[in-house]
Amino acid sequence: MQARNSNIQYGWVAVLFHWLMAPAIIGMFALGWWMVGLSYYDPWYRQGPDIHKSVGILLALLLVARLLWRWLNTTPAPEPAPRWQQRAASAAHAVLYGLLLAIAISGYLISTADGRAIEVFNWFSVPATLQGLENQEDIAGTIHEWLAWTLMGLVLVHSLAAFKHHFVNKDNTLRKMLGLAPRR
Ligand code: HEM
Ligand code: HEM
């Protein structure tokens with residue numbers, strides 16, 4: 001399997017980006033949702049957000065690398081489908097990328113609202129830049145939450161579309177993203 005995408009296949013780099021990030025993003029949603037309900041006396045009260053922020057920054061870096069790679073590559077041609085469906089699929093992909101970017105930015109703005117840097121697993125730190133705006137933490141937090149829910153809704157539709165292509169249309173849409181040889 002080649003590294004770069006071709007007209008008929010995703011290369012292994014794009015496949016790796018997709019399947020490394022998808023479970024991590026779903027895990028981040030679950031962690032975020034769980035951790036905001038913890039009480040001050042819970043041992044995870046600090047550890048949960050520390051892990052969420054660290055993984056979040058790593059995901060943001062991966063996202064930038066992924067977008068760069070996509071920009072330097074072709075994307076495989078879509079499987080035969082009505083034109084509106086092909087357009088909807090590419091629009092959905094663009095919105096998925098946009099949501100991920102906006103979630104990373106709003107998460108960064110919550111975490112750095114008080115001017116403190118984000119310690120990424122005691123490995124490196126990301127300094128605060130925009131800080132101290134009025135109600136920054138609350139506003140960024142509300143936006144972050146809404147964007148995260150919107151992302152999960154779109155991911156559900158995206159996954160159902162992938163299964164529909166695979167099991168109903170029996171085309172190569174999902175096989176392409178799994179790095180498998182085309183069916184015909
Ligand atoms: C794919 C990436 C991410 C997803 C899916 C995600 C999801 C979530 C969710 C669902 C919550 C709970 C919101 C609530 O119910 O109030 C949350 C909270 C939070 N997230 Fe994220 N997040 C992501 C990335 C990030 C990043 C990159 C950062 C910062 C660097 C971050 C920082 C935070 C913080 C500080 C909170 C707590 C907010 C509060 O206390 O109300 N998140 N996240
Ligand atoms: C958090 C979860 C997920 C996110 C954020 C996500 C995001 C994306 C994005 C942005 C693309 C476009 C790739 C490109 O051309 O640049 C894509 C493609 C694809 N994804 Fe996902 N995905 C997720 C989960 C899934 C799941 C669970 C499945 C399967 C059940 C799936 C199946 C596919 C397939 C088949 C493609 C190729 C579509 C095509 O060639 O038209 N994805 N995904």
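Are H52 and H144 buried or exposed? Both H52 and H144 are buried, where buried means under 20% relative accessible area, exposed over 50% and partly exposed in between (1.4 Å probe, protein chains only). This is a predicted model, in which local features need pLDDT of at least 70, side-chain atom pairs count only at pLDDT 80 or more, and totals for chains, interfaces and linings use all residues. Residues are numbered from 1 along each chain as its sequence is written, chains are lettered from A and ligands numbered from 1 in the order in which they are written, and side-chain values use heavy atoms, with hydrogens and water left out.

**View 1. H52 and H144 hold the iron atom of ligand 1.** Each histidine coordinates through NE2, at 2.0 Å; donors are N, O and S atoms within 2.8 Å of the metal (3.2 Å for Na, K and Ca), and sites may look incomplete as water is not among the atoms. H52 sits in helix α2 (residues 44-71) and H144 in helix α4 (residues 136-169), 92 residues apart. Helices here are DSSP runs (H or I, at least four residues), as are strands (E, at least two), numbered from the N terminus.

**View 2. The iron atom of ligand 2 has H18 and H158 as its protein donors.** Their NE2 atoms lie 2.0 Å from the iron. H18 belongs to helix α1 and H158 to helix α4, so this pair ties together parts 140 residues apart in sequence. H18 counts as buried at 13% relative accessibility, while H158, at 27%, is partly exposed.

**View 3. Residues 12-36 and 90-110 are two of the spans that UniProt marks as "transmembrane region".** The label comes from an unreviewed entry, and such annotations may be inferred rather than shown by experiment. Residues 12-36 are 96% helix and 0% strand, with end C-alpha atoms 36 Å apart. For residues 90-110 the figures are 100% helix and 0% strand, with the ends 30 Å apart.

**View 4. N122 and K170 take a positive phi, of about 50° for N122 and about 55° for K170.** N122 is in the loop between β1 (118-120) and β2 (124-126), and is exposed, with a relative accessible area of 74%. K170 is in the loop between α4 and α5 (173-178); at 53% relative accessibility, K170 counts as exposed too.
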